[in-house]
Amino acid sequence: MALEHTVKAFDEDITRLRGLIAEMGGLAEVAIGEAMDALVKGSTELAAGVVGRDKRIDALESEVDKLAVRVIALRAPMADDLREVIAALKIAGVIERIGDYAKNIAKRTGQIEGRKKFEPLTLIPAMAEVAAEMVHDVLTAYAARDPQLAREVIERDAKVDAFYNSIFRNLVSHMMENPATISSAAQLLFVARNLERIGDHATNVAEMVYYAATGDYLADREDRTDV
């Protein structure tokens, strides 16, 4: 009976960890969407909401940390179970950073003038959509323990990088031709860079999901580009 109780308690802890990760991920997804909506519309009210709700993501990360440490200390998980707990611990930290990037994007909302003059501002929401889909799909892969979906998310990061390079070139040209827009264009560069980092972090989570599901590490991203 004692063993059965211990196993049940461990299963409940793992379920709780997964639930916390899912809640964090959902909030991060919403934050990305609302931050971009605020940016495009120039709504400082929407932006303030994104910034304010980031505290909830931080609080959830802290809860994951505490629960993971408690599980390791009390349950002494091994093999697959230990990978599960360590993955949750690492993934929570990455999702917290994704939330921070969304918050940083929202903070740029009031610092961009003449939105209709910026062609890159039409490209940035498309880039954000790809990055947000990566976050959504990697969380689905985590919940389903789906290593194949995790691999697909990793492959999509190249598209986000291509968007960033295109936007970077576009904005630099815009600044050279219109020096008065340098300040606003620089803010958009900052936004594009944050989206690029969100894509990188979704890729990091995908690699953790793959490892947690299979026990194997994927080859470095640089190596895979030659395949």
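**Labels and what backs them up**

Reply: Let's start with a helix pair: α2 (residues 44-75) packs with α3 (residues 79-107) at an angle of about 165°, their axes 9 Å apart. This is a predicted model, where local features need pLDDT of at least 70, side-chain atom pairs count only at pLDDT 80 or more, and totals for chains, interfaces and linings use all residues. Residues are numbered from 1 along each chain as its sequence is written, and side-chain values use heavy atoms, leaving out hydrogens and water.

Me: Why is α2 called roughly antiparallel to α3?

Reply: Angles over 145 degrees count as roughly antiparallel (under 35 is roughly parallel, 65 to 115 roughly perpendicular, the rest oblique). The angle here is about 165°, so α2 is roughly antiparallel to α3.

Me: How do you know that H201 is buried or exposed?

Reply: Buried means under 20% relative accessible area, exposed over 50%, and partly exposed in between (1.4 Å probe, protein chains only). H201, in helix α6 (residues 182-214), has 7%, so H201 is buried.

Me: What makes the pair Y164 and F168 stacked, tilted or edge-to-face?

Reply: Rings of Phe, Tyr and Trp (its six-membered ring) pair if their centres lie within 6.5 Å; planes under 30 degrees apart are stacked, over 60 edge-to-face, the rest tilted. The centres of Y164 and F168 are 6.2 Å apart with planes at 40°, so this pair is tilted.

Me: And what are Y211 and Y217 called, and why?

Reply: Their ring centres are 4.4 Å apart and the planes sit at 10°, so that pair is stacked. Y217 is exposed, at 67% relative accessible area.

Terms used:
Axes fitted to C-alpha atoms, helices over the stretch in contact; angles between N-to-C directions. Helix = DSSP H or I, 4+ residues; strand = E, 2+ residues; numbered from the N terminus.
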